[in-house]
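Here are some exercises to work through with the model open beside you. Try each task before you read its solution.

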Amino acid sequence: MFEIKSSDAAPIWQQIEDGMRRMIALGALMPGDAVPSVRDLARTLRVNPNTVARAYQHLTDRGVFSVRRGDGTYVADDPAVPKR
């Protein structure tokens, strides 16, 4: 997946947001793919679940993720991710 760097000046939630955007841009996550749950990603990255939730909310607000109530969070059908 990606790593959180404590030496990075960016806040952890921003590093998570950037990491998820990078995974989409590189094709590791495709439109319609489920993303890890907040708890699972928090456990993997060893961060507070609220931090992951903040990053996911930013991504959802910006049209990168879509939430299906009762089903989970997915990469939007047309994610707003800059092409590289």
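**Exercise 1. Work out how far apart Glu17 and Arg21 sit along helix 1, and what their side chains do.**

Step 1. Because Glu17 and Arg21 are four residues apart in helix 1, about one helical turn separates them. Helices here are DSSP runs of H or I with at least four residues, strands are runs of E with at least two, and both are numbered from the N terminus.

Step 2. An α-helix has 3.6 residues a turn, so residues three or four places apart point the same way.

Step 3. The two side chains meet in a salt bridge, 3.4 Å from N to O. The term asks for a side-chain nitrogen of Lys or Arg within 4 Å of a carboxyl oxygen of Asp or Glu.

Step 4. Both Glu17 and Arg21 are buried. Buried is under 20% relative accessible area, exposed is over 50%, and partly exposed lies in between (1.4 Å probe, protein chains only).

A word on the source: this is a predicted model, in which local features need pLDDT of at least 70 and side-chain atom pairs count only at pLDDT 80 or more, while totals for chains, interfaces and linings use all residues. Residues are numbered from 1 along each chain as its sequence is written, and side-chain values use heavy atoms, with hydrogens and water left out.

**Exercise 2. Find the salt bridge partner of Arg43 and describe the pair.**

Step 1. The structure holds two salt bridges; in one of them Arg43 pairs with Asp40, with the closest N and O atoms 3.0 Å apart.

Step 2. Both residues belong to helix 2, three residues apart, which is about one turn of the helix.

Step 3. Arg43 counts as exposed because its relative accessibility is 59%. Asp40, at 38%, counts as partly exposed.

**Exercise 3. Decide how the buried residues of helix 3 are arranged and what they pack against.**

Step 1. List them: Val52, Ala55, Tyr56, His58 and Leu59.

Step 2. They cover an arc of only 155° around the axis, so they lie on the same side of helix 3. The arc is taken from the directions from the helix axis to the C-beta atoms.

Step 3. On the other side of helix 3, Asn50 and Asp61 are exposed.

Step 4. The buried residues pack against helix 1 (12-25), helix 2 (38-45) and strand 1 (65-68), where contact means heavy atoms within 4.5 Å.
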